[in-house]
Amino acid sequence: MNLFAMFVYGVIVALLVWVAFSAIRVVQQYERGVVFVLGRLIGAKGPGLIFVPPLISRVSKVDLRIITLTVPPQEVITRDNVTIKVTAVLYFYVVDPIAAIVNVMDFHQATTQIGQTTLRNVLGQSELDELLAQRNKVNRDLQTIIDEQTEGWGVKVTAVEIKDIELPVTMQRAMAKQAEAEREKRAKVIHAQGELQASTQLAQAAEILGSQPAALQLRYLQTLTEVAVEKNSTIIFPLPIDLIEPMLKMTHQKADRAVREPPNDVPLKEFSLPR
């Protein structure tokens, strides 16, 4: 009897120890344990050691850290009928562990699905140029809409970032041509503006040089000095017509005088009319 009694006592002690250990749960600092007793919600407990009724309790641990969720590539038709493939990243965390367990079956899966649906809807209402140029605005719109949907699940969406936009090859070529034409237009405009400014400056310089003849001569000498530095064997130096115009006038006057007045040393021949 003594051996049997000791065996029974040992079994009872072992059961008590097992029950005691099964009633102890450890919840990490970044977790909360949602406790159900006989299917009834007790509340969220933790962090640290928590005690729950053994055998009749169930503890669901919820991670409160920020979760990074990659939305799979989605084919989207924009408002201007361009088919693109978009990949996004979703950042969220649980603010209400009880709502995340009680109000939705799987908040991870639910958040993923609502992210995909909202991504297609929002991008489908935007044009391609708006999507490429105003990505921050599109990200804010996505974050606002998804956060409103997940608020009842105890999930807070902090940010939505469009990760990648894949364009068709034909659209890439068209955009490349458009960018090239835009750059060419800017180059022509800048060149025209430069010509206008240069002509204005040249007109002012010509006016100043024209008012001072000595300045024009000094400018000619300076240009000749700069050309001579290059050690050229032949120097072509432009000469203004204004400088040689007096010489040309004198030459023309001498020529006209020579035509009107023949030289005195030329003998005159006598001509007689036939009788």
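Figure 1. L55 is exposed, with a relative accessible area of 67%; exposed means over 50%, buried under 20%, and partly exposed in between, with a 1.4 Å probe and protein chains only. The model is predicted, so local features need pLDDT of at least 70 and side-chain atom pairs count only at pLDDT 80 or more, while totals for chains, interfaces and linings use all residues. Residues are numbered from 1 along each chain as its sequence is written, and side-chain values use heavy atoms, with hydrogens and water left out. L55 is not a glycine, yet its phi is positive, at about 70 degrees. The residue sits in the loop between β4 and β5 (57-63). Strands are DSSP runs of E with at least two residues, helices are runs of H or I with at least four, and both are numbered from the N terminus.

Figure 2. The loop between β6 (67-77) and β7 holds N81, which is exposed at a relative accessible area of 66%. In the loop between β3 (40-45) and β4 lies P47. The peptide bond leading from G46 to P47 is cis, with omega near 0 degrees. Most residues other than glycine have a negative phi, and most peptide bonds are trans.

**Figure 3. The chain as a whole, for orientation.** The chain contains 8 helices and 8 strands. Of its 275 residues, 24% are buried. Its accessible surface comes to about 20500 Å², and carbon and sulfur atoms account for 59% of that; accessible areas come from the Shrake-Rupley method with a 1.4 Å probe, and for residues only the protein chains shown count as cover. Among contacts (heavy atoms within 4.5 Å) with a separation of 6 or more, 62% join residues 24 or more positions apart.

**Figure 4. A nonpolar patch on the surface.** The patch is formed by V13, V17, F21, I24, V26, L49 and F51, which together have about 680 Å² of accessible area. Patches are made of residues with over 30% relative accessible area and no salt bridge; nonpolar side chains (Val, Leu, Ile, Met, Phe, Trp, Tyr) are joined within 5 Å, and like charges within 9 Å. At least two residues of the patch come from each of α1 (2-22), β1 (24-27) and β4 (48-51). The largest share is that of α1, with 3 residues. V26 belongs to strand β1 and counts as partly exposed because its relative accessibility is 47%.

Figure 5. Rolling a probe the size of a water molecule over the atoms shows where empty space is left. A cavity is a set of points, on a 1 Å grid over the protein atoms alone, where a 1.4 Å probe fits but cannot get out; lining residues have an atom within 4 Å of a point. Searching the whole structure gives 1 cavity of 30 Å³ or more. The volume of the largest cavity is about 40 Å³, a volume being the space filled by probe spheres set on the points, which are joined across faces, edges and corners. Its lining consists of V71, A88, L90, G115, L119, L142, I146 and V160. Each of β7 (83-94), α3 (107-124) and α5 (135-150) supplies at least two of the lining residues.

Figure 6. D164 is part of strand β8 (residues 155-166) and is partly exposed, at 42% relative accessibility. Leaving aside residues up to four places away in sequence, D164 touches K85, V86 and T87. From D164 to A88 the C-alpha distance is 6.9 Å, although 76 residues separate them in sequence.

**Figure 7. Salt bridges between side chains.** The structure holds 8 salt bridges, each a side-chain nitrogen of Lys or Arg within 4 Å of a carboxyl oxygen of Asp or Glu. One of them joins D63 and R65, at 2.8 Å from N to O. D63 has a relative accessible area of 25% and is partly exposed; R65, at 43%, is partly exposed. E130 and K137 meet at 3.9 Å, N to O, and a network of salt bridges links E130, K137 and D141. In the bridge between K188 and E184, the closest N and O atoms are 3.7 Å apart. K188 and E184 are separated by about one helical turn because they lie 4 residues apart in helix α6 (residues 169-211). K188 is exposed at 55% relative accessibility, whereas E184 is partly exposed at 45%.

Conventions. On a 1 Å grid over the protein atoms alone, a cavity is a set of points where a 1.4 Å probe fits but cannot get out, and a pocket is an open set with protein on both sides within 12 Å along at least five of seven lines; lining residues have an atom within 4 Å of a point.
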